[in-house]
Amino acid sequence: MKKFKFQRALSLLILVPAGLVLVIFAVVNRHLVPLDFWPLPISVLLPFSVAIMLVFVIGVLWGGIVSWISAFNSRRQAREVKR
């Protein structure tokens with residue numbers, strides 16, 4: 001039980017300042033910027049903070065997909081060893 005309280009306090013100690021920084025970033029960067037999808041004739045006006053957060057989310061997803069695919073051989077070998 002003590003470990004759970006420590007983990008919760010530590011996560012709050014990290015998440016609350018990170019959330020405040022994210023909110024302040026979103027409030028300060030409200031200027032509209034065009035987001036062009038180069039080969040396509042599509043352009044969208046978004047607040048700068050949304051564009052940056054969107055790029056961040058896409059990067060995290062892309063990195064997760066690449067790491068999941070690169071670990072395919074290790075997972076296959078682990079399944080074979082388990083059998």
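Where is the place of Leu10? I found Leu10 in helix H1, residues 2-28. Helices here are DSSP runs of H or I with at least four residues, strands are runs of E with at least two, and both are numbered from the N terminus.

Notes on the source. I am working on a predicted model, in which local features need pLDDT of at least 70 and side-chain atom pairs count only at pLDDT 80 or more, while totals for chains, interfaces and linings use all residues. Residues are numbered from 1 along each chain as its sequence is written, and side-chain values use heavy atoms, with hydrogens and water left out.

I looked up the accessibility of Leu10 and got a relative accessible area of 39%, so Leu10 is partly exposed. The classes are buried under 20% relative accessible area, exposed over 50%, and partly exposed in between, with a 1.4 Å probe and protein chains only. Leu10 belongs to a nonpolar surface patch with Phe6, Leu13, Ile14 and Leu15, and together they have about 560 Å² of accessible area. Patch members have over 30% relative accessible area and no salt bridge; like charges are joined within 9 Å and nonpolar side chains (Val, Leu, Ile, Met, Phe, Trp, Tyr) within 5 Å. A salt bridge is a side-chain nitrogen of Lys or Arg within 4 Å of a carboxyl oxygen of Asp or Glu. The areas come from the Shrake-Rupley method with a 1.4 Å probe, and for residues only the protein chains shown count as cover.

From Phe4 to Val28, 24 residues along the chain, I read a C-alpha separation of 36 Å. Leu20 also lies in H1, and because its relative accessibility is 51%, Leu20 counts as exposed. Leu20 and Trp68 are 48 residues apart in sequence and 31 Å apart in space, C-alpha to C-alpha.

Is Ser49 buried or exposed? Ser49 sits in helix H2, residues 48-70, and is buried, because its relative accessible area is 4%. Setting aside neighbours within four places in sequence, I list Phe25, Ala26 and Asn29 as its contacts, a contact being heavy atoms within 4.5 Å. Phe25, in H1, is partly exposed at 28%. Across the helix pair, Leu22, Phe25 and Ala26 of H1 meet Phe48, Ser49, Ile52 and Met53 of H2.

The packing angle of H1 and H2 is about 135 degrees, and their axes are 7 Å apart. Axes are lines fitted to C-alpha atoms, for helices over the stretch in contact, and angles run from 0 to 180 degrees between N-to-C directions. H1 and H2 are therefore oblique to each other. Angles under 35 degrees count as roughly parallel, over 145 as roughly antiparallel, 65 to 115 as roughly perpendicular, and the rest as oblique.

Entry on H2 and H3. I read an angle of about 40 degrees between H2 and helix H3 (residues 72-82), with axes 4 Å apart. This pair is therefore oblique. Trp68, Ile69 and Ser70 of H2 make the contact with Phe72, Asn73 and Arg75 of H3.
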